[in-house]
Amino acid sequence: MKYNDLKPRTKQFALAIIRLVDDMPKNQGLSVIGKQILRSGTSVGANYRAACRAKSVKDFIAKMGIVEEEIDETIYWLELLEESGKLPTQAVTEIAKEANELAAITVASIRTAKSRMEK
């Protein structure tokens, strides 16, 4: 997989997060979670794009570490949304599945880059 292959996928993920937040009922608790998930969920793609422009393998690993942190935070907020019972489970399930897949890809990319550095 080339680095750029995830650009459209992470952008679609950000758009799904935006739609999820826009469709959430308006109340104080969900408003706080909505703001947090908007920040972390939309920054996944932005940080991934930055990783694609890395100047070295070491720089790529560092930038992908930020992607990993942001996707992990997004997963946390999605878990809170799901467990709060404030949204239908199906509204969160697909986005959470994609978040977990993106997290796995990110971790694998970091591991691969680290192994290439060691050679």
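A salt bridge is counted here where a side-chain nitrogen of Lys or Arg lies within 4 Å of a carboxyl oxygen of Asp or Glu. In this predicted model, the side chains of K97 and E101 meet in such a bridge, at 3.4 Å from N to O.

## Salt bridges

Side chains of opposite charge can pair when their charged atoms come close. By the rule above, the count for this structure comes to four salt bridges, and three of these pairs are set out in the table, each with the distance between its closest N and O atoms.

| Positive residue | Negative residue | N to O distance |
| R9 | E98 | 2.6 Å |
| K63 | D59 | 3.7 Å |
| K97 | E101 | 3.4 Å |

The bridge between R9 and E98 has its closest N and O atoms 2.6 Å apart. Because R9 lies in helix α1 (residues 6-23) and E98 in helix α4 (residues 89-118), this pair ties together parts that are 89 residues apart in sequence. With a relative accessibility of 28%, R9 counts as partly exposed, whereas E98, at 19%, counts as buried, since the limit for that class is under 20%.

The pair K97 and E101 is arranged in another way, for these residues are four places apart in helix α4 and are therefore separated by about one helical turn. K97 has a relative accessibility of 49% and counts as partly exposed, and E101 is likewise partly exposed, with a relative accessible area of 32%. Through salt bridges that share partners, R9, K97, E98 and E101 are joined into one network.

K63 and D59 also form a bridge, with 3.7 Å between the closest N and O atoms. Both residues belong to helix α3, where they stand four residues apart, about one turn of the helix. K63 is partly exposed at 25% relative accessibility, and D59 is partly exposed at 22%.

## Patches of charge on the surface

A patch of negative charge on the surface is made up of E68, E69, D72, E79, E82 and E83. One of its members, E68, is found in helix α3, which covers residues 57-84, and with 32% relative accessibility E68 counts as partly exposed.

A patch of positive charge is formed on the surface by K11, R49, R53 and K55.

## The loop between α2 and α3

A54, too, is placed in the loop between α2 and α3, and with a relative accessibility of 23% A54 counts as partly exposed.

I33 lies in helix α2. Is I33 buried or exposed? At 13% relative accessibility, I33 counts as buried. Once its neighbours within four places in sequence are left aside, the residues in contact with I33 are W77, L80 and L81. For one of these contacts, W77, the C-alpha atom is 6.5 Å from that of I33, although the two residues are 44 apart in sequence.

Q28 is found in helix α2 as well, but Q28 is exposed, with a relative accessible area of 69%. The C-alpha atoms of Q28 and E82 are separated by 16 Å, and these two residues are 54 apart along the chain; E82 is one of the residues in the patch of negative charge.

In helix α4, which also holds E98, E94 is found. E94 counts as exposed at 54% relative accessibility. Between the C-alpha atoms of E94 and A16 there are 9.5 Å in space, while 78 residues separate the two in sequence.

Conventions:
Residues are numbered from 1 along each chain as its sequence is written. This is a predicted model: local features need pLDDT of at least 70, side-chain atom pairs count only at pLDDT 80 or more; totals for chains, interfaces and linings use all residues. Side-chain values use heavy atoms; hydrogens and water are left out. Patches are made of residues with over 30% relative accessible area and no salt bridge: like charges are joined within 9 Å, nonpolar side chains (Val, Leu, Ile, Met, Phe, Trp, Tyr) within 5 Å. Accessible areas come from the Shrake-Rupley method with a 1.4 Å probe; for residues, only the protein chains shown count as cover. Lys and Arg count as positive and Asp and Glu as negative; His and the chain ends are not counted. The place of a charge is taken as NZ of Lys, CZ of Arg, CG of Asp or CD of Glu. Helices (H or I, at least four residues) and strands (E, at least two) are DSSP runs, numbered from the N terminus. Buried means under 20% relative accessible area, exposed over 50%, partly exposed in between (1.4 Å probe, protein chains only). Contact means heavy atoms within 4.5 Å.
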